[in-house]
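Dear colleague,

Please find below the sequence and the structure that I am handing over to you. My notes on what was found follow directly after them.

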Amino acid sequence: LCITNRGTAPACNVSLKTNVPWINVVASKNEAECDKDLEVKATSRCIGPSGTLMNLPLNQQGDGVGEEDIIRPGEKIRVPVLVRTSGGGRQEFYMLFRYELWRPQDTGPDLTPTIPASLPKHRWLRKMISVPVYPSLTLTASLMPSYWKKGEHVLSVEMTNYRSDRQTKLDINLDKICIASRYYQATQLSGQLGESDPLGSEAHLQELNGGPTSVLRIGWQERVTMHYLITPLLDDNGKDKAQYTLSQCHLIDGKSNISRQSAPAVTDFVCLEHAHERFKDALDTHNQEMARIAAEEEKEGQPRHVAQIRRAKSSLPPDGKDDESTMAKSGEKLGSSGSVPLQPHHPTSIASLCPPSESNSKINLVCSWNASGNEDIDTIYGQHHLRQLTVRPQLKSKGCPLTITARHKMEIVHDFGRGPLNLDLEITVRNRLIETEVDFEFLVEPQLDFEFMGSECFRWSLGGGDELVIPIQAVITRSGVYNLQSVRLTVFGSGTEVPYLFPLQWIVKVDST
């Protein structure tokens, strides 16, 4: 942004209001070094919860508002910002600037600033831009539980090049995939692009064709799918650990960089968009409530409906209680247990995007890319993101709310002259839901080649996040290769019974001596 003072008086306190969260004010080097609590600080110098109102730094040294944080008559100041558009087609972008008349600050006898007798004078400047937004990259993702190890999930990310802003050179270079979360970290599954074989890897093929070796290049209308392992953060006791983590996975070589510190350059636009959506939802809810109250006032004098009486009672706080329960739910001042204090955070901060709540189980996905601009020397840097992807649902799940894993030996040598083989099999059933109990029936279906011994059929209930370990034995009478997966789960709820079969293979190879 280029700001020029064309008047005859100095100005200060320049703020900007936009209609969409497209602008991110770049933090100066001094600001990044001085701010130790970046996790709870406002993103892009935002004011308020909307993510579209921000204070512009006139002092490029980043020392804050002071004697030098002004723009003098005839002076021109450039404020570095990052712009990320959204949507498609021609978009209207509105910017409203507010600035104040700068007045020297008087001091009293004790050298303390005196309060001005009147409010500072201010003016407004409106700027409207019509921005054409062309298609570039399409990003989709899906999560499914891992049936090999409990607690882990597999994230599949699909990226498609739909660029149409020019006629030629429509390639897009995919740089890295970043996952921001407070309870999970991500690593790229190895071997997807042949990185273990230098002569047959995708990077080597791109180098032979004159392409880059540090990024993954996809042509026009090409699609690539990458898979990542999402693992929970655990403490020394094996319990869930709440710590903000940014996983940066480079696509071309599969290397993953796990950072425990905030990286605003990666998550800035995600935080702004998240705060803006929450603000719009809260505003819509408020407007609906005000419309409902206005409609009730028009019907004043008529008997109240039962639903109106219940709403009025539910809005009153319980006797002998204050608003601590509300603060505990929002995570602003109290921890999830109400005893561990949490540092207050700004609505546009990373702590708001990844709140420190035990019931939160979500990740945020960011894809960074670059491409050639209108001129060969220009480079376009882009970013696509998906917010609040649910890893473990809280109340209900579209699929089976239970996952199963098994532990057993995969290769065994046995002397069948002494009798059949009794193979120990340990099956773990886990409730994926965080806050909902699941009632189910466990059944091991009989097989022709071998038999099972143990608890083959029973009914059980698992609380949110709980798990059940079921030890059984497989009785095998001859050598061969066997699939021990014969479990069927039937979930009961609201008068329905839904059976689930799992496309898994628990393979064991048995050799005879």
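Predicted model: local features only at pLDDT ≥ 70, side-chain atom pairs only at ≥ 80, totals over all residues.

Four strands make up an open sheet, ordered S20-S22-S26-S24, and their pairing is antiparallel. The edges are taken by strand S20 (402-407) and strand S24 (450-454); each has a single partner strand, so one side of each is left without a neighbour in the sheet. From one strand to the next, the twist averages 30°. Within this sheet, strand S22 (residues 421-431) and strand S26 (residues 467-476) are paired in the antiparallel sense over 10 bridges. Leu 425 has Ile 472 in S26 as its bridge partner.

Strand S16 (residues 245-250) is mostly covered, with 5 of its 6 residues buried. Strand S12 (residues 172-181) runs antiparallel to S16 and is joined to it by 6 bridges. In this pairing, Ile 177 is found opposite Cys 249 in S16. S16 also pairs with strand S17 (residues 256-259), in the antiparallel sense and over 4 bridges; here Ser 247 stands opposite Ile 258 in S17. S16 and S17 form a hairpin in which 5 residues lie between the two strands, and Gly 254 in the turn shows a positive phi of about 75°.

I turn next to the charged side chains. The whole structure contains 13 salt bridges. In one of them, the side chains of Arg 182 and Glu 39 meet at 2.5 Å, N to O. Arg 182 is located in the loop between S12 and strand S13 (184-188), and Glu 39 in the loop between helix H1 (29-34) and strand S4 (53-55), so the pair ties together parts that are 143 residues apart in sequence. Arg 182 counts as buried because its relative accessibility is 7%, while Glu 39, at 24%, counts as partly exposed.

Asp 165 and Arg 163 form another salt bridge, with 2.6 Å between the closest N and O atoms. Asp 165 has a relative accessibility of 26% and therefore counts as partly exposed; Arg 163, at 4%, counts as buried.

A further salt bridge is formed by Arg 459 and Asp 439, where the closest N and O atoms are 2.6 Å apart. This pair links distant parts of the chain: Arg 459 belongs to strand S25 (residues 457-462) and Asp 439 to strand S23 (residues 438-444), 20 residues apart. At 21% relative accessibility, Asp 439 counts as partly exposed.

The largest nonpolar core has 35 residues, of which Leu 402, Val 429, Phe 440, Phe 442, Leu 484 and Leu 489 touch the most other members. At least two residues of this core come from each of S20, S22, S23, S24, S25, S26, strand S28 (487-493) and strand S30 (507-512). Leaving aside neighbours within four places in sequence, Leu 489 is in contact with a set of residues including Leu 402, Ile 404, Val 429, Phe 440, Phe 442, Val 498 and Phe 502. Another core, of 30 residues, lies apart from this one; among its members are Val 157, Tyr 184, Leu 193 and Leu 251.

Finally, the aromatic rings. There are 5 aromatic pairs in the count. Trp 22 and Phe 93 form a stacked pair, 5.2 Å centre to centre and with 20° between the planes. The two belong to distant parts of the chain: Trp 22 is in the loop between strand S2 (11-18) and strand S3 (23-25), and Phe 93 is in strand S8 (residues 89-101), 71 residues apart. Trp 22 and Phe 93 are both buried. The ring centres of Phe 450 and Tyr 482 are 5.8 Å apart and the planes stand at 85°, so this pair is edge-to-face. It also links distant parts of the chain, with Phe 450 in strand S24 and Tyr 482 in strand S27 (residues 480-483), 32 residues apart. Both Phe 450 and Tyr 482 are buried. Lastly, ring pairs join Phe 442, Phe 458 and Trp 460 into a cluster.

With kind regards

How values were computed: Residues numbered from 1 in each chain as written. Heavy atoms only, no water. Pairing = 2+ DSSP bridges. Axes fitted to C-alpha atoms, helices over the stretch in contact; angles between N-to-C directions. Buried < 20%, exposed > 50% of the residue type's maximum accessible area, 1.4 Å probe, protein only. Salt bridge = Lys/Arg side-chain N within 4 Å of Asp/Glu carboxyl O. Core = buried A, V, L, I, M, F, W, Y, C linked by side-chain atoms within 4.5 Å. Contact = heavy atoms within 4.5 Å. Phe/Tyr/Trp six-rings, centres within 6.5 Å; stacked < 30°, edge-to-face > 60°.
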